[in-house]
Amino acid sequence: MIRIGREGGRKSVFAGYHPLLNFMFFGYAVSVPIFFLHPLLLIISLASALAYSIYLGGRKAALFGLGFVLPVMLLAAAFNPLFFHRGETIIYYFYYNPITLESIIYGLCNATMIGSVILWFTCYNAIMTSDKFIYLFGRLVPAMSLIIAMALRLIPRYQAQVQRIVAARRGIGFDVSTGGYLTRVRNGGEVLSVMVTWALENGIETGDSMLARGYGLPGRTAYSNYRFDSRDRLLLASFLGLMTTDLFCLVTGTLSVQYYSRFMWENIQPFASIALVCHAAVSFLPLALELREDALWRSLRSRI
Amino acid sequence: MPGPEKRRLSNRTKVAAVLVILCIPLVIAINILFFEDRSYYITSFVIIALSMVPFALVFEGRKPQARELVVIAVLVALTVAGRTAFFMVPQFKPVVAMVIIAGASLGAESGFVVGALSAFVSNFIFGQGPWTPWQMFAFGIIGFIAGLLFYQLAASIGAPSRDGSMRPENASYLKWYDINRLGSNVRARRRVERLRILVLCVFSGTATFVLYGFLLDTAAVLMFTSGEFSWTGLVATYVSGIPMNAVHASATVCFLLLLAKPMIEKLERVKKKYGLLGAQA
Amino acid sequence: MALIEVSNLSFTYPERERAALVDVSLAINSGDFVVLCGKSGCGKSTLLRHFKTVLTPFGRLTGAVYFDGRLLGDVSQREQTSRIGFVLQSPENQIVTDKVWHELAFGLESLGEKAPVIRRHVAEMASFFGIQSWYEKTIYELSGGQKQLLALAAVLTMQPDVLILDEPTAQLDPIAAEDFIVTLKKINDEIGTTIIMSEHRLEGALPRADTVLVMEAGRIISHGSPSVVARDLQKQKDQMLSAMPAPMRVYLALEKSGDRETNGHVPQTVREGRVFLEKRYGVMVRETSRTQQLEEREIVEKTGSRFWTRFLTGELAKDRNSSTPLLAMKDVWFRYDREGIDIIKDLALQVFPGEFVCVVGGNGTGKSTMLGVVSGENKHYRGQVSCLGLDPRKAIGNELSDAGLAALPQDPQTLFTRATVFDNLIDVAKAYAKRRGEKRTPEQIEAEVLATCEMTETLDLIGFHPYDVSGGEQQRTGMAMALLTRPQLLLLDEPTKGMDGFFKAKFAAIIKRLCTAGMGVLMVSHDVEFCAKFADRCALFFNGNIVSEGLPRTFFSGNSFYTTAANRMARFLFAEAITAEEVVELLEGME
C-alpha cells in the first residue's frame with residue numbers, strides 16, 4: 001500500500017512551524033533560482049536543497065539525488081548547447097551546428113537550477129503535508145479543499161476494498177489471475193465495476209452525514225490545529241528580513257550576469273555579496289533549525 | 001428558482017470556457033512570439049496556474065451541494081487509486097479515461113475539477129513538483145472539453161421540452177442515441193453502438209496525445225531551456241515523446257472501452273438517486 | 001412539554017404503493033432514552049429521518065412533526081444542525097474527512113464557529129470520549145468501533161439537545177457494540193441529551209431505555225417502558241417478542257398474576273433474570289434427568305434434518321470413520337510473513353458433509369484468517385490442510401471453486417457487478433455452465449437461477465438493484481451467487497452481522513436446507529445466540545487455535561462466560577439449557 005503524505009523518515013522541526021512559514025519558505029526557495037539565474041546563487045541553492053533533502057530523507061534521498069536528479073541535470077546541461085548556438089566562443093561543430101562555450105555554461109547553470117528545484121520539491125513533499133495545504137487554501141477554495149480531504153480519506157479505503165473484492169470474487173470462483181488474456185481483462189474489469197458501484201453507492205451515506213452536520217449552511221469556517229505562536233513570529237521576522245534584503249539586492253541588479261554573446265559577470269560588489277549571504281542564510285535556515293534541535297536533544301539526553 | 005439559476009451557471013461556464021480556450025493560448029503565443037524575455041518558463045507556469053483560477057472561482061461560487069462534492073471526491077479518489085494501481089507501468093494509466101467519463105456525465109465544470117484535483121491529490125502520493133500545475137491543467141482541460149462535447153451535445157440532442165429548458169433526464173451522452181427509440185432494429189443499434197464507441201475513442205486518444213502529451217512536453221522543454229525558446233528543441237522533444245504519448249493515448253482508449261459504458265450507467269443511477277440531475281449544464 | 005412530537009404522520013415513497021409510515025403519533029420528552037425496534041424494513045429509518053429536515057426523504061407526506069413546540073419545517077436549518085444530531089449506520093461511510101480532528105470540527109465549521117470556540121468544543125469532546133490518544137491520526141488507522149465513536153463525537157461537538165441514531169451498532173462486533181451503547185447511556189445520564197436510537201440488538205439497548213417504540217409495517221404497535229411493551233407484545237402475540245432479550249422472554253412465559261418476585265418489573269438483564277429465577281426456583285435442586293429429557297426432545301425436534309437422523313442413529317459416526325471429511329486441517333500454522341507473529345497455531349478442524357460448524361470467538365483471534373487458509377488466500381507454512389481433496393496452498397486459480405468450495409465474504413457488496421440481482425445471478429450461472437462445458441439453453445440457466453432464488457428466498461428481489469435491498473437481503477443474494485457455483489463446502493464469514501432476528505431465522509433455515517442436501521458449512525461468527533440455536537457443532541477460537549469444541553449444548557454449557565444469555569441466567573438450575581425456550585420448558589416441567 002502506498003502511504004499518503006510522505007512524511008520523511010525523520011521528525012522535522014521545521015515541519016512543526018506554522019504552514020504559512022513552510023509554504024513561504026518553499027515558494028521563495030523554488031522561485032529565486034528560477035528568476036535569477038546567477039551561478040553563485042544557483043550553487044547555494046543546489047547545495048542547501050541537497051543538504052536539506054538528505055537530512056530529511058536520509059540515504060533514500062541521496063540515492064534519489066544520484067539516480068534521478070543527476071541524470072536529469074546532465075540531460076538539461078546537454079540539451080542547451082545542442083539546440084542553442086548563440087555565443088561567440090565556438091569550440092566544436094556537431095553535425096554542422098556550432099557548440100559554443102556560452103551555451104554550455106548556460107546549460108550548466110540551467111541544470112543546476114532544475115536540480116535545485118526538484119530537490120526543493122522533495123523537501124516540500126516531506127514538509128508540506130496535505131493537512132497544511134488544506135489549511136492554507138481551505139478559506140480560499142473551501143469546496144475544493146474539502147474534496148481533497150475527502151479523496152485522501154477515500155483512497156486508502158479504496159485500495160483496501162479492491163483487495164477485498166479480488167478475494168471475494170476468488171471465493172466464488174472468479175480469480176483475476178487465471179484464464180486467457182481476455183478472461184483476465186474481463187475479470188479485472190468486473191473488479192473495477194464492483195469497486196465503482198460500491199464507491200458511488202456508499203457515498204450516498206457520506207453525503208447524508210455531511211448534510212446532517214450542516215454542510216451547505218452559509219458562512220462555513222475552516223478550522224485547524226495550527227496556531228501562530230511566538231516561535232513562528234520569530235521565524236517569520238527572520239524570513240521577512242532576510243528575504244526582502246535579498247530580493248532588494250537582487251532586483252536592484254547588482255548581481256547581474258550576462259551569458260550571451262559572451263559570458264561575463266561583474267565583480268561581486270559588497271551589495272551583491274549581501275544578497276548572496278542573505279540567500280544562503282534563508283536557504284540553510286530550516287536545516288540549521290533542525291541541527292540545533294538535534295544538538296539540544298543530544299545535550300538533554302546526555303544530562304540524564 | 002431553478003430556471004434562472006441554471007442559466008446563470010451555464011453563462012459562467014461559457015465565460016470560463018472562453019477565458020481558457022481563447023485567452024490562455026493567446027497569452028502563451030504572445031509571450032512566445034513577441035517577447036524576447038528569458039522567463040518563458042515562469043510566464044507559462046504562471047499562466048497555467050492562473051488559468052485554473054476561473055474554474056476554481058466558478059466551482060466555488062456555485063456553492064456545490066454536499067452530494068455533488070461526494071460524487072466528485074469519489075471520482076477523484078477512484079482516479080487516484082487507479083493511477084496508483086498501475087504505478088509500475090509507465091504511462092499506462094486510467095486517469096484520462098476516468099476524467100473523460102466524469103466530464104461526460106457530470107458536465108464540464110465538474111470534469112475540470114475531477115481532472116485537476118486528481119492530478120493534485122495523486123501528487124501527494126507520487127510527489128509534487130514543478131509539473132503539478134501542468135498536469136492539473138492538462139487533466140482538467142480534458143475533463144472540461146469532454147464535458148462540453150458530450151454533455152452539451154447530449155443535452156441538445158435530448159428533446160427539449162416546450163418551455164425551452166433542458167430536460168435533465170436527457171442530459172447524458174448515453175441518451176444521445178436513445179437505443180430504445182430504435183426499438184428492435186438490431187442493425188441500427190449496433191451501428192449506433194459502434195459510432196458511439198468510435199467517437200469517444202477518437203476524442204480520448206487525441207485528447208491524451210495532443211493535449212496532455214504536448215502540454216507536458218512543452219512544460220519539459222520550457223523548463224530545460226528556461227532562458228530561450230527553440231523550435232528544434234521543441235520538435236525534438238515532441239518527437240522523442242511520441243512513443244510515451246502513444247502508450248498513454250492507447251491506454252486511455254483501452255480503459256475507456258472497458259469502463260465507459262458501465263461507469264456512465266452507474267453514474268447515471270447515482271445521479272438519479274442523489275437527485276443530482278440537472279444540477280449544472 | 002415534549003421535545004419531539006409527531007402527529008398522524010403518514011409517508012409514502014415515490015413509485016411505491018405501500019405506505020412506509022402509517023398514521024404515526026408519538027411524543028418524546030426531553031432527556032428520554034428511546035429505543036425504536038422492529039423488523040428490517042418496518043419503517044424505522046424512515047421515521048427517524050423525518051426528525052431532521054435535510055434527511056427527510058422525498059415522497060407523499062401527511063401529518064406533522066414538531067420540534068420544541070414548533071413545526072419542524074419552521075425550525076431553521078442552522079438550529080436543526082446544532083440541536084438535532086443524527087448518527088448513521090455505517091461507521092465507514094459517515095466519516096467525511098481524512099483526519100480525526102478535522103472530522104470532529106466538521107459540524108462546527110458548518111455552523112461558522114470561530115477557531116477558539118471550535119478548539120474548546122473539540123477538546124471537550126475528545127476528552128469526554130477518550131479520543132486524545134488518536135486525535136491526530138488519520139481515519140484509516142482506526143478500528144470500526146473507534147470510527148463509530150468518532151462519528152458520534154463529531155455530532156456531539158455541536159452540543160445537540162437530541163441525538164438520533166439509526167442502527168448505530170449494526171456494523172460493530174458485540175464488544176464494540178456494547179461499549180457504544182454504554183457510551184450513549186453515559187451521554188444520556190451525564191449530559192442529559194435525549195437519545196432516540198433504532199436497534200435490532202436489544203440485549204444491550206433495552207435495559208437502558210426509558211421508552212421503547214415497536215414498529216411494524218409503518219405503524220407503531222407498542223409504546224411505553226420496556227416492561228409495558230414486553231407485556232403488550234405478549235398480549236398481541238407479536239413476532240417482535242422473540243427479538244426481546246432472553247430474560248424478558250423467560251419471565252413473560254412464566255409470569256403469573258400477582259407475581260411478587262419483581263413487583264411487576266420485567267427482568268431485562270441477565271442479573272435481573274437470575275435474581276428472579278433464584279427467588280422463585282432457588283430452592284429446587286438441579287436434576288440431571290431434566291437434561292436427559294431435553295436431549296430427547298431435541299432429537300424429536302431435529303429429526304427433520306438428515307444430518308441429525310444420521311447422527312442419532314450412529315450412522316454419522318460410522319460415516320466419519322469411513323468417509324473423508326470435506327475439510328480436514330491438522331497441525332496448521334500460519335503467519336503473514338516470516339518475521340511476523342503466528343496468527344494460526346497448531347489448528348485442527350474437520351467439517352463433514354451435511355454438517356453446520358460454527359467457529360465463535362472474539363475480534364482479532366484469527367477466525368477470518370483461518371477461512372483464508374481454507375480458501376488458499378493465506379498459505380499455511382506448516383501442517384496439512386485438505387479441502388475437498390486439494391491442498392489449498394497448491395491450488396491454482398479457480399481449482400478450489402471448481403472442486404466445490406465457495407466462500408461468502410463478510411460484505412456481500414464486494415460481489416455485485418450488475419445492476420439487478422437477477423443479472424448478477426445469471427452471470428454466475430452462465431460462467432459456471434460454460435466452465436463445466438455444459439451446453440445449456442438460456443431457459444435452463446434461468447430455471448436454475450430461479451430455483452436457487454427460491455431456495456435462498458430472494459425471488460422477490462430479482463428485479464431490484466442489489467444496493468436497493470436491505471443488508472440481510474444482500475447477504476442472501478450473495479448466498480445465492482455462491483450457491484450457483486454448486487458448492488460442497490460453503491465458508492461464511494460473519495454472515496449475521498447487521499441482520500435482525502427474523503432474517504437470521506430465515507438465513508438459518510436456508511443453511512439447514514443446504515446441510516440436508518449434504519453440503520458442509522463452516523461459519524465464523526461473533527453471534528453466540530445464533531450459533532447456539534442453529535449450529536450442529538460449535539468451536540471456540542482463541543489465540544489462533546480452537547480451545548474447545550462440541551455440540552452446541554455441551555459446548556455452551558461448558559463455557560461460563562462465552563455462552564448465551566439464557567444459559568448464563570439459568571445455569572445454576574440447568575447448565576445444559578442454552579436457549580430461552582428450553583429454560584422455559586424445563587421450568588414449566590418442574591411445576
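This is a predicted model: local features need pLDDT of at least 70, side-chain atom pairs count only at pLDDT 80 or more; totals for chains, interfaces and linings use all residues.
View 1. Because A:Phe174 lies in the loop between α6 (142-171) and α7 (181-212) of chain A, and C:Tyr432 in helix α16 (residues 421-435) of chain C, the pair joins two chains; helices are DSSP runs (H or I, at least four residues) numbered from the N terminus. A:Phe174 counts as buried at 10% relative accessibility, and C:Tyr432 is buried at 2%, where buried means under 20% relative accessible area (1.4 Å probe, protein chains only).

**View 2. Charges over rings in chain C.** The charged end of C:Lys39 sits over the ring of C:Phe502, 4.9 Å from its centre, and that of C:Arg335 over the ring of C:Tyr381, 4.6 Å from its centre; the criterion is NZ of Lys or CZ of Arg within 6 Å of the ring centre and within 35 degrees of the ring normal.

**View 3. The kink in helix α9 of chain A.** Helix α9 (residues 270-303) has a kink of about 45° at A:Leu285, shortly before the proline A:Pro286, the bend being the angle between axes fitted to the seven residues ending there and the seven starting there. Both A:Leu285 and A:Pro286 are buried.

Residues are numbered from 1 along each chain as its sequence is written, and chains are lettered from A in the order in which they are written. Local features need pLDDT of at least 70, and side-chain atom pairs pLDDT 80 or more, whereas totals for chains, interfaces and linings use all residues, and side-chain values use heavy atoms, without hydrogens and water.

Methods. Buried means under 20% relative accessible area, exposed over 50%, partly exposed in between (1.4 Å probe, protein chains only).
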